[in-house]
Amino acid sequence: MRGCGYGVYFEECWRWHVSVSIEADMEWWWRHGVRRIWIRNRVKMSLGQAFEWREKYMENQRLAPNEDEGEWLSCGTGELLRRWDQRKYLRLVEALKGRCLLREEMEPFILSRGLEMEEKEWLYYVQWGALEGDVKLLQGVERVVGRRLFAGAFNLGGGGYGRGRKTPYRCIRCGSGEERLHRTLCPHCGTECPYCEACLTMGRVRFCGLLVQGVVRGCTDGGRVPRSYSGGADVKAKWGLSAAQAEAAREALKFLQGGEKFGAGGNSFLLWAVTGAGKTEMMFPLIDDALGRGGNVLIATPRKDVVLELEPRLKAAFPEERIVTLYGGSRDRWESGSVILATTHQLFRFREAFNLVVVDEIDAFPFHGDEQLLYAARAVCRPGGKFVLLSATPPKALRDLARRGKLAHAKVCVRFHRHPLPVPRRIRIPALRRFAGNGLPDALRNALHRSLTRGAQVFVFVPHIGSIPPLVRTLRFAFPDVTVEGTSSRDEERSGKVERFRGKEIRVIITTTILERGVTVPKTDVFILDADTPLFDDASLIQMAGRAGRKLEDPQGNVYFCAPEWTRPQRDAVRQICAMNSLARKKGYLVS
């Protein structure tokens, strides 16, 4: 995209600007008493080059323009001013609040809001908004040599983000550095123009590309009228919480309402709840608090199926609020609401938009190990806003911060039914490759037989997709009267098989960690084969073990770690589960 740089002498000093619609600037400055601006060779510069020119002039503290580089133009032609529509302008900047959109996304966004504008017209309005402070105009990729990449709101201790790492360029939208940028010859720049590969699925962000960010005024509210709300006075009765849930919710509300800072944790609160503790119900009082103060809420979750599951529950809990769900292919793609429920990648289209950001399963894929998504999650929170991080297995960096008192947190150490978590037991058997496709080891066969005899559904987790077909054959041979199926991320019939498993049509399902979260079956036993593999850390072992004992009908369940070796992650997983049971017993949460 083309852009131009210019200078204007105003209030006894020179100011340097970049424009995507110079007519808007000329008219705006005319209204402020300026009659001439100095423009730098507008025909030859791309938008990225215009931003670099401005940075050069600002860094060198230029007091006046270089006359050889440009020309003087008179302000205030008045031609576009006669087409000015104040109503359109106000509707556009209101719709853009908190959004961060590519130039290519602006047209469908504008049409979704019932505004009919050609590109020249909306560029005029957003340029005017940039001068008024209602809009920020950004280049997609910027040069950042010697600059800090991002000052994070919450820190998981990984990657180079927020550590002052130097890199020639970065993507403004997702924060990716030089290693994720690719260069192609660009007709606008006349050079090899970098674009970002990391967030390419959300549209191409490049050096000469335009990002339009709507500015949200104020820090403490969402521009909505505050309503009457309980303020967390009796969360247990209002939301039907258990004693453990209510205690954690009160601690979170105390943090959200008090604003106390906790070192590296800053404006973040960790809700550390065991698998099956009822995290969704604990979110309700926190959402109610933010909405009651006139704010707005984002709930970010890793998977589309979780979004679809939470939507009806949120609408039932908050019938008067506008709940918008965003995921790939969502019909609500450009809609706004007081509560946004979105998959993680949708966060790239927002910037400083929300008073409360709830990040569900912060340890899960795709959040886990993806600095771009963590960057996006940090960027969507307003200055003065708060984060609530939900996890049954927080990353070590967060656990360490919590242990040292640097991160506000609460532990929910017991499930809603108040029975202890099933503690995994060890079955020492050979590695899976030694018997898959052949006969089962006696110890494993006997344990599976006991589970099937008691009427349980059986999860069998394996580390590799390639192990599933031979193990399916082995189990079908060992238990010919039992329906055994396998599934993985490559299985197009995965959803159907999971539903059949829930409906007891399938008794044994062999899978990878793709089903370690989000699948709840009333009566379940769990077998984790090759539990000693490095692919299974303590967090994934706890999550897989968490499939058992989730319902009151069968609160104990059975969990087996099956492997030749007893490794540290297995020991750590057992230790953490026992620690939560011990804490629950100490606090009197467990049934006697």
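Lys-504 is exposed, with a relative accessible area of 56% (exposed means over 50%, buried under 20%, partly exposed in between, with a 1.4 Å probe and protein chains only). The model is predicted, so local features need pLDDT of at least 70 and side-chain atom pairs pLDDT 80 or more, while totals for chains, interfaces and linings use all residues. Residues are numbered from 1 along each chain as its sequence is written, and side-chain values use heavy atoms, without hydrogens or water.

Lys-504 lies in the loop between α15 (494-502) and β22 (508-511). Helices (H or I, at least four residues) and strands (E, at least two) are DSSP runs numbered from the N terminus. Most residues other than glycine have a negative phi. Phi of Lys-504 is positive, near 70°. Glu-361, also not a glycine, has a positive phi of about 50°. Glu-361 sits in the loop between β16 (354-359) and α10 (371-379). Glu-361 is buried, at 9% relative accessibility.

The second largest pocket has a volume of about 770 Å³. Its lining comprises 31 residues; Gly-276, Gly-278, Arg-313, Thr-520 and Arg-550 are the closest to the centre. Helices α8 (279-292) and α9 (304-317) each give two or more residues to this lining. A pocket is an open set of points on a 1 Å grid over the protein atoms alone, where a 1.4 Å probe fits, with protein on both sides within 12 Å along at least five of seven lines; lining residues have an atom within 4 Å of a point. Volume is the space filled by probe spheres set on the points, which are joined across faces, edges and corners.
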